[in-house]
Every structure is written in structure tokens, then in C-alpha cells.
Amino acid sequence: MALSSLPQDIKQYLIITGNYWAFTLTDGALRMLVVLYFHQLGYSPISIAMLFLFYEVFGVVTNLLGGWLGARLGLNKTMNVGLGLQVVAIVMLAIEPQWLSVAYVMCAQALSGIAKDLNKMSAKSVIKLLVPKDADSILYKWVALLTGSKNALKGVGFFLGAMLLSLLGFAGALWSMAGMLGVTWFMSICLLKQDLGKKKHKPKFSEIFSKSRSINLLSAARLCLFASRDVWFVVALPVYLSSQFGWEHTWVGGFMATWVILYGIVQANAPKLTGKPNTIHDSIQAAVAWVVPLTVIPLCIVVGLNLDITPLWVIVGGLLAFGAVFAINSSLHSYLIVKLADSDGVSLDVGFYYMANAMGRLFGTVFSGLIYQFYGLSACLIVSAVLLGCTVIITKELQKVN
């Protein structure tokens, strides 16, 4: 079916999804570029983690304010602002290396964090508006496909960033990415017209905070879930692979990319693995059932690293197992927030939820560098298991109120 023959709402959603995918490629590439380039310059794990501090901090703020702005102005405007800010953030870093101070890179990453969460909030919120109210299995499938495809593309972005760094250097890689995303931004401004997601009545600023106990509990569970991943994945793992195994940039980027691509594939197919949801209670029960085994995996990796087993196989095997089970948990959570969110001004609830997601990433990113530098990868994994234990407790509480 030609794009012109599709209903207007569907066309607008497809444009938003295409924007989200293009943005995701540059987001993954930029993260890998920064980690590998500054590690190459001799920055410590803590310093590298600090480069992403504002990225995560402003992600927290953006999800709160972005959900409110989306409900007032429309999701097309928040999407276009996000694309434009990402182009600016990339260009800011494409300067002479001697000018790239930690503070300057943190400011550029702050813009990138704002841009990313404006895009994600817009894309996730609009699904609620296009799926019939009681079509839970369709909603779960659409959410899983969008989230899974995004993460697969982010994995491609990891590889793209490492490859561009090797082929074009840091500045050359950035300029090529800025050009690609600039074209996407221009097309989006021309094509993305409809004000999807506007609340019927202008929401008050105080409405940015959720008043739903279910939304609050799900958000707390999401915070712990994503902190458990990033506390060993964001800084500790790439630096460990590079320093312990002597891997070059392309190898590290390729490995991380493969993991995220596989993670995205599992995420997109989560409905086939968990079954179609019958009720909210059933979906929450499935979330509990899948997070319990996830809690054990980081501890198994720690045990493997302390036994007479080749560390590389322990890391690879453990990471694949963690990624598969984590992907299913993430899909279930993403479905639950869209299902529980209020249809009128959906971006308010979704924005609050992804604010908690950003707080989890912030915690994980900072402590990934801090814990790894002083205590090593095993300590990062133990903290990951503790956070997952908190996720189990919170999700069980959510089960009681639904």
C-alpha cells in the first residue's frame, strides 16, 4: 500500500517512527564514539561516566516537561525539536580535539539527552492513540515491535560509531552523522503536520507528576530495572573488553552492537514468548515471573569470573542470557505503561514513566564508572543483582493494586 493511500493518523505515525529510527542510529553511534574516543585519550572510567552525566540528568527533566509539552502542543512539535537539538549536539562535538573539555562535552551530551527523550516520548505516546481501547494483544505487539526495532537499530548505531571512528576519525564521523540527521529533520518539518497527542484541555504544570499508584509503582520498577543494566553495561563493560582483552574499537563496538541487535530482536518478539495478555493482572504476573530469573544471571556471571573458566566465555554467555531475559522484561514494562496511561494526554503518564527510566540510566551510568574504577566488574554485577531484587519487590506490590 502506498503511503499516500494510508489514513492520515497512520501516515503521521509512520513518519514519527522513521524519525525515531534515524535518531536512534545517531544516538547509539554517538555514545560509542564518545566512550571509545575518550578512553583512547586516556580518560578514566569515572571521567567517561561523567561525560554522560548531563545526558541522563536532562533526560529526567525532559521526560517530565516533554510529556507536558506534548500534551499541550502536539507530539509533532516535540519530535521536530528533538531532531534539531540532536543535530546541534553532534555539530558541537565536531571541533578541534584540544577544545573538547569534560565540561564542554557534558553540555553537548545534555542537548543530546534532551533530544533523545523528546523523540522517545513522542514515538511511544502516539501508539496509545492509534490502537482500539480493548485491543490489548495488538497494543502489546505494536509496542514490542517499536521498542525492539529501536534497540536493534541502536545496536547498529554502536557498530556504526566504532566503524566511523576507525575510518573517518572523531570529527569526520560526527559531520557525516550530522548530515544524515539534518536531512531527516528537514523532511520531518515538511511532512509531520498533524498535532497528535494534544490534550483536550491544556494541562496544568502540576500535572507532570503522576497521581496514579500503579503508574508510580511501575515507574519505580522501571528505574531499578534499567539501573541494573547500565550499572555494568554502559561504561564498565566496554572498558573491560578494551583493557582486559585488548580489543580494538571496531571489535568492542561490533560486540556491543551485536548484543543490542539481538536484544532488540528478542524484545520485538516478546509477545510470542510471553503469550497474549488477557488482563492487566496477567501481564504484571508475567513481569514478576520474568524478572526473578533475571536477578540470578549477574550473580552467575560473578561466580563464573571467579572460577577457572575463560573470562571471555563467561562474559559473552552471561551477556547473551542477561540480554534475552532483560528484553522480555523491558517489553512487558513498555506495554504496561502504554496500557495503564490515560488516553487523554497520554504523554503525561508516559513522560513521567520515562523520567523514572532516565533516572535509572543516570544512576547506572554514574555508578558504572565509579564502581568499576574502584572495585571492578564483579562489584558492578553484584549491584545489578541487588537492583533487580528491588524490581521484584516493587513489581509484586504493583500486582497487589491491579
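1. V325 touches W290, L294 and I297, leaving aside residues up to four places away in sequence, where contact means heavy atoms within 4.5 Å. The residue sits in helix 12 (residues 311–340), helices being DSSP runs of H or I with at least four residues, numbered from the N terminus. V325 has a relative accessible area of 14% and is therefore buried, the classes being buried under 20% relative accessible area, exposed over 50% and partly exposed in between, with a 1.4 Å probe and protein chains only. Between V325 and T295, which are 30 residues apart in sequence, the C-alpha to C-alpha distance is 9.8 Å.

2. A word on the basis of these values: this is a predicted model, in which local features need pLDDT of at least 70 and side-chain atom pairs count only at pLDDT 80 or more, while totals for chains, interfaces and linings use all residues. Residues are numbered from 1 along each chain as its sequence is written, and side-chain values use heavy atoms, with hydrogens and water left out.

3. The largest nonpolar core has 113 residues, a core being a set of buried Ala, Val, Leu, Ile, Met, Phe, Trp, Tyr and Cys residues joined through side-chain atoms within 4.5 Å. Those with the most contacts inside this core are F38, L93, F170, W232 and M256. M256 touches M32, F158, F233, L237, P238 and L241, again without residues up to four places away in sequence.

4. The count of cavities of 30 Å³ or more comes to 1, a cavity being a set of points on a 1 Å grid over the protein atoms alone where a 1.4 Å probe fits but cannot get out. The largest cavity holds about 370 Å³ of space, the volume being the space filled by probe spheres set on grid points that are joined across faces, edges and corners. Its lining has 33 residues, of which K150, N151, K154, R229 and R361 are the closest to the centre; lining residues have an atom within 4 Å of a point.

5. Among the elements that give two or more residues to this lining are helix 5 (102–130), helix 6 (136–191) and helix 13 (346–375), while the largest share, 7 residues, comes from helix 1. By class the lining of the largest cavity has 15 nonpolar, 6 polar and 12 charged residues, with Ala, Val, Leu, Ile, Met, Phe, Trp, Tyr, Cys and Pro counted as nonpolar, Asp, Glu, Lys and Arg as charged, and the others, Gly among them, as polar.

6. The count of salt bridges comes to 6, each being a side-chain nitrogen of Lys or Arg within 4 Å of a carboxyl oxygen of Asp or Glu. In one of them the side chains of D27 and K154 meet at 3.9 Å, N to O, and this pair links distant parts of the chain, with D27 in helix 1 and K154 in helix 6, 127 residues apart. D27 counts as buried at 5% relative accessibility, as does K154 at 18%.

7. D117 and R361 form another salt bridge at 3.5 Å, N to O; because D117 lies in helix 5 and R361 in helix 13, the pair ties together parts that are 244 residues apart in sequence. Both D117 and R361 are buried.

8. In the salt bridge of R229 with D230, the closest N and O atoms are 2.8 Å apart; R229 is buried with a relative accessible area of 10%, and D230 is buried with 2%. Elsewhere, salt bridges that share partners join K116, D117 and R361 into one network.

Definitions and conventions: On a 1 Å grid over the protein atoms alone, a cavity is a set of points where a 1.4 Å probe fits but cannot get out, and a pocket is an open set with protein on both sides within 12 Å along at least five of seven lines; lining residues have an atom within 4 Å of a point.
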